[in-house]
Amino acid sequence: MRVLVTGAAGFIGAHVCERLLARGDTVVGLDALDAAPGDVALRRSRLQRLSGARGFTFLSGDITGAARLGETFTAARPEGVVHLAARVGVRAPDAEAPAYADTNVTGFVRVLEACREAKVAHLVYASSSSVYGAATPAPFREDAPVDQPLNLYGATKRANELMAHAYSHLHQLPASGLRFFTVYGPWGRPDMAPLLFLRALSRGEPLRLHGDGRMRRDFTFVDDVAEAVLRVLDRPPTGSPPHRLLNVGHGEPVALGDFVGLLERHWGAKARVTSVPAQPAEMASTWADTSRLEAETGFRPRVSVDEGVARLVAWYREWMGTHR
Ligand code: NAD
């Protein structure tokens, strides 16, 4: 299959590209790279690992650039699109709110338009557990009410789901929105808790734990997420309209305090924990009901949090050794 992956230099994007290439697909990776906020060096390292692979082409580009995006899609002639590019993180500073809307809302419409014009057979796009907000009873099912997001990021992701549904209805664009739950693993995001915690632990610095350590997250290992993306990509929705939403989570929430305990055990040192108040943008708990994903794709996440943390720590040791 020819697949275009936006956000290819990102954490999940690089893992998805790697898997697609490993099974022989042709992959065009698109990413704003230096122009997007975040750790540019890490993005470049992820790309470097992909660049030698047969069947991989990288294009530096911004999804908010309408004309160029259309050209890119036309030239790439993708059968499938995996859209992962976004402004990420639930604690966006107020000053960045318009930039979140530009990339996550306007950029998303540009992707939908480009998919329509290029007659893409299946668009798989990243939504988030953030759409569930505070009011949803756990474990979260896809048909639960999702009209009370706790942050702008979650609101933009819910907007994506609604826009994809409308495009699917109007233009018969097959589209699947994946609600990812706290993804972690090698080559992960330095702004997310697992790597923030590991960095503090490895340096003997205070580890800032939001809330009292009882906040729970459904930590999902990145290999499981990449596998789920491929399984979904291979199975376009057939309903009317051809749009569906699927949770991609591990299905077993872990208290942050326990997650820190696992990191300590695998790293081999005690953390100096400092408690800081939980923020209004943060959900107290996330927990995926993954039965729909399993029914549609036969896939169940496989990597336990213990094994996932071991693999994260092993990567981090190696990474630290070469990137101090
Ligand atoms: P990431 O930040 O590592 O990757 C996003 C990539 O998008 C980056 O490489 C960035 O350069 C690129 N990008 C940003 N703005 C762009 C633009 N305007 N044009 C082109 N490229 C742009 O994030 P990730 O963790 O890999 O997340 C991938 C997707 O999954 C995102 O849509 C995110 O919202 C969603 N998601 C992630 C998690 C998680 O736990 N990591 C959870 C829920 C949802």
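Trainee: Helix 6 and helix 8: is their crossing left-handed or right-handed?
Mentor: The crossing of helix 6 and helix 8 is right-handed. That term applies if the near helix is turned clockwise from the far one by less than a right angle. Helices here are DSSP runs of H or I, at least four residues, numbered from the N terminus.

Trainee: Which residues make the contact?
Mentor: Helix 6 gives Ala193, Phe197, Leu198, Leu201 and Ser202. Helix 8 gives Leu256, Val260, Leu263, Glu264 and Trp267. Contact means C-beta atoms, placed from the backbone, within 7 Å.

Trainee: At what angle do helix 6 and helix 8 pack?
Mentor: About 50 degrees, with the axes 11 Å apart. Axes are lines fitted to C-alpha atoms over the stretch in contact, and angles run from 0 to 180 degrees between N-to-C directions. That makes helix 6 oblique to helix 8. Oblique is what remains after under 35 degrees (roughly parallel), over 145 (roughly antiparallel) and 65 to 115 (roughly perpendicular).

Trainee: What kind of model is this?
Mentor: A predicted one: local features need pLDDT of at least 70, side-chain atom pairs count only at pLDDT 80 or more, and totals for chains, interfaces and linings use all residues. Residues are numbered from 1 along each chain as its sequence is written.

Trainee: New topic. How many helices and strands are in the protein chain?
Mentor: There are 10 helices and 13 strands. A strand is a DSSP run of E, at least two residues.

Trainee: And what does the C-alpha trace span?
Mentor: About 55 × 45 × 40 Å along its principal axes.

Trainee: How much is buried?
Mentor: 48% of the 324 residues. Buried means 20 or more other C-beta atoms within 10 Å of the residue's own, with C-beta atoms placed from the backbone.

Notes
Two residues are in contact if their C-beta atoms, placed from the backbone, lie within 7 Å. A residue is buried if 20 or more other C-beta atoms lie within 10 Å of its own, exposed if 12 or fewer, and partly exposed in between; C-beta atoms are placed from the backbone.
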